[in-house]
Amino acid sequence: GWGFWETDERRKIVSFTSAMRQDAFKLTTKKIGVTAFTSSDLTNIFRPFSNGVWATIAATIFVGALCIWVIENGKEKGNFYLSDSGEPLKAPEGMALSVWICLQRYLRAGTAPTVTCWASRSVLFGFSVLVYISISSYTANLAKQLVSGSEARGLVSSYTEMSRNGGRLCLLESVVGQFTTPGVELVTFDDYFAMFEALHGEVCDAAAVGLAEYRLHIAGGQGTGTVCVDPEDLNLGQSTCSNPDPPPGAVKNVNIGPWMGKPTCVCANPQENPANCPQDCPDHHKYCSLFEVVPEEEDVLWDFTVNFANPINRDLQQYFSSWVVFLSLDGTIKSNYNRWVLSTTPNVCAFEGSQASN
């Protein structure tokens, strides 16, 4: 195992070794649809670049056109000597023609204007480099925005939105106080599966989920848990009921997928995939409807981590901490995490059209 969360309350009771790894918490919400296309999306053609970048490109086009016109003005060869009527080009007309040619060159990467000397050719070469860099960057950014534009629409789109609306955040009892959660109402749970069920049932707008648990239970679709569903019980919604002898049906088993190499739910026909028998396995991969809330740049950043460490006798703390640091530096801890967590939990939701990420 990776140890225990090193929380403030636990530090008061026992010493810990150096952290085995950090558990980064994902702000997770429930998918309720797909972002719809609106009239404002028509302006997205300009979004891959900021206003400053567009202004820089426009200024570069103008300066490049001015340089070419200054160099080529009055020369009998090339595009900048005679007008369409056969008269020598005047400055305003020649400058307008130069800007027009450079603009067309930028938009279409078309044929370069005919120039007469290496000075003009050097300007055109620099301009071609600008065209190559900006078009490559624009295409990459546009593709990224088109993909993100088709992502799932959740109960909330950001922590700022949830805070502004006084939303509810699901949180494990063991990490309460570790996060700064302004403007939201906390709903606490004693177990991840109880919290997942609450988020899936829209009891809260979002939940804080550890990186490993997100990979295992949401993206990986693995695990099993219990939830108290007895409306008369004080622990309604928690992993266990307060009644030591709960009535039949008071505790619900949630079997989302195989765990520790063993199936948690089997169809009436054992040869059938649990995904194809919802009547027998209604909870199979149900948390694929949950996904990470990725904040915009202007949003309040959700960036909280808690150390995974092992409790240790204070007299032995420095020795075991040194050993943990050594294992971290030589890559052993990362290698084991990749081997026992990442490689054994493929993103099953990616194959089922979910937005759950790794």
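**Overall make-up**

The structure is a predicted model. The protein contains 9 helices and 12 strands. Of its 358 residues, 38% are buried.

In soluble globular proteins, nonpolar side chains tend to be buried together. In this model the largest nonpolar core has 41 residues, and Phe25, Phe179, Met195 and Trp302 are those with the most contacts inside it. Helix α6, residues 192–200, gives the most to this core, with 7 residues. Another core, of 12 residues, lies apart from it and includes Phe49, Ile68, Trp69 and Cys102.

The surroundings of phenylalanine 179 can be listed by name. Neighbours within four places in sequence left aside, phenylalanine 179 is in contact with Phe25, Leu171, Ala208, Trp302, Phe304 and Val306.

Helix α8 covers residues 317–329. At 1.5 Å a residue, its 13 residues should span 18 Å, and the end C-alpha atoms are 18 Å apart, which agrees.

Ser321, Val324 and Leu327 are the buried residues named in α8. Because these residues cover an arc of only 120 degrees around the axis, they lie on the same side of α8. An α-helix has 3.6 residues a turn, so residues three or four places apart point the same way. The face of α8 turned away from the buried side carries exposed residues, namely Gln318, Tyr319, Trp323, Phe326 and Leu329. The cover over the buried residues of α8 includes β2 (15–16) and α9 (332–342). Just after α8, glycine 331 takes a positive phi of about 85 degrees.

In α9, the buried residues are Ile333, Tyr337 and Val341. Their arc around the axis is only 40 degrees, which puts them on the same side of α9.

| α8 | Ser321, Val324, Leu327 | 120 degrees |

Methods. Residues are numbered from 1 along each chain as its sequence is written. This is a predicted model: local features need pLDDT of at least 70, side-chain atom pairs count only at pLDDT 80 or more; totals for chains, interfaces and linings use all residues. Side-chain values use heavy atoms; hydrogens and water are left out. Helices (H or I, at least four residues) and strands (E, at least two) are DSSP runs, numbered from the N terminus. The expected span of a helix is 1.5 Å times one less than its number of residues. Buried means under 20% relative accessible area, exposed over 50%, partly exposed in between (1.4 Å probe, protein chains only). The arc is that of the directions from the helix axis to the C-beta atoms. Contact means heavy atoms within 4.5 Å. A nonpolar core is a set of buried Ala, Val, Leu, Ile, Met, Phe, Trp, Tyr and Cys residues joined through side-chain atoms within 4.5 Å.
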